Amino acid sequence: MAAFTKHTPCQATPLHHNIKILTQNANTKTVHKATSSLHHYSSISSLFSQTKSTLFSNSGSGSSWLQHNPLHHDASSGSGSRQGPIYSVFRTKPAEVASVEDLFEFICSGPLVDKMGLTQEKVAESIDKWLFYGSKLCRLFQLDELYLTTPQKARFYHYYIPVFVWCEDQISQHASKFHDGEEIPPLVIGFSAPQGCGKTTLVFALDYLFRITGRNSATLSIDDFYLTAGGRPELREQNPGNTLLELRGNAGSHDLPFSVETLTALSKLTKEGMKMKLPRYDKSAYSGRGDRADSSTWQEVEGPLTVVLYEGWMLGFKPLANEVVKAVDPQLEIVNKNLGAYYDAWDKFIKAWIVIKIQDPSCVYQWRLQAEIAMRQAGKPGMSDEEVKDFVSRYLPAYKAYLPTLYSEGPNGSHPNHLLLIEIDEARNPILGI
């Protein structure tokens, strides 16, 4: 149910009148299959024309698109979704999509299609799935699929849906390693990406798509394993004068035994009726300094789990030679030493990886500032602009030291067949070039 008609409210052209061929190379059977599926989606698309609404409100440097989303932050849903609102920025000029043929061409022009080995024929054969996923994402984010802007189309059809298709393939490969009758542990997919680049929103969308397609999923962040506010003073006392370990963030500020306990328990959630609660971290606590949320608010997930979506800014970082990190910042020496324990605590559980590559780590400051402004406008305590600058400055040395190796070699313990590297621009959309 993607955008099906031209941007002319009084005129809607049936899709099958516009479709002649999906690709020059696709065979007649493939085109017939794709065309047949469109009759169903074109009839449903009319429902959206009755509910067009503008959900964009100016805030700070852009527009919030999830601020009023009722499906998010429902602690009673037991879905395992991330807590708190998610914010993003899109332009608001409507884009025209005349037909599914246009949308098909738009999909095939995306930067991830070739990277994932998707041919035009493969996209044509599964076009009904792409339309279905696009429709569901429009509903999730409360967007009118008849009036998607170009950035919104790109976010769905060039980013979220291709990544979801890749994840589905990784899950199939994972399941194929087990014999009939064997319990299949959930596949843990790691998302390594700097703060503010949109990884939480991506994971939120993927989690939703898994659930509406009948598969149980769980979401975790490395934030969920930060030391509690009560545990951080001890870390500061053990590292006097090291500004990188004064606040949460760098290696050494996480409760690694707790993360091992949680990830191990999730791997055993293979049967119906099995349940567990997922820890959560409240970034708004202590005026934005953060603390682990009370366990009474943790969300519950049920087995059998298909997938665990695990995201974090430093997932997959590898320890480097001391002289390398000291050249970036002498304070990184102890952080680098702490990092040696993280493979066994985190990375060894991850069997498939998505790495989101940024062009300039300085983007993190602006992205983080946008998130804090949005949090404050939503009535939640957040850091001031100066506090954000100070907070992000404590992460930049690690970015400068570890990102080059992450991008060139992949995460710690990763395999090229189970790794998707995505480069994004300052607007958080995938770009060509990798």
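Predicted model: local features only at pLDDT ≥ 70, side-chain atom pairs only at ≥ 80, totals over all residues.
Close-up 1. Cysteine 108 has a relative accessibility of 17%. Buried means under 20%, so cysteine 108 counts as buried.

**Close-up 2. Cysteine 197 and its nearest cysteine sulfur.** Cysteine 197 is buried as well, with a relative accessible area of 1%. The nearest cysteine sulfur belongs to cysteine 363 and lies 10.0 Å away. A disulfide needs two cysteine sulfur atoms within 2.5 Å, so cysteine 197 is in no disulfide. The structure as a whole holds zero disulfides. In general, a disulfide is a covalent bond that links the sulfur atoms of two cysteines.

**Close-up 3. Strand β10 beside strand β3.** Strand β10 covers residues 352-357. Five of its six residues are buried, so this strand is mostly covered. Strand β3, residues 187-192, runs parallel to β10. Four bridges join the two strands. In one of these pairings, isoleucine 189 has alanine 352 in β10 as its bridge partner.

**Close-up 4. Strand β10 beside strand β11.** Strand β11 spans residues 419-423. β10 and β11 pair in the parallel sense, over five bridges. Tryptophan 353 stands opposite leucine 419 of β11. Lysine 357 has glutamate 423, in β11, as its bridge partner.

**Close-up 5. How covered is strand β11?** β11 is mostly covered. Four of its five residues are buried. β10, its parallel partner, is also mostly covered, with five of six residues buried.

Conventions:
Residues numbered from 1 in each chain as written. Heavy atoms only, no water. Buried < 20%, exposed > 50% of the residue type's maximum accessible area, 1.4 Å probe, protein only. Pairing = 2+ DSSP bridges.
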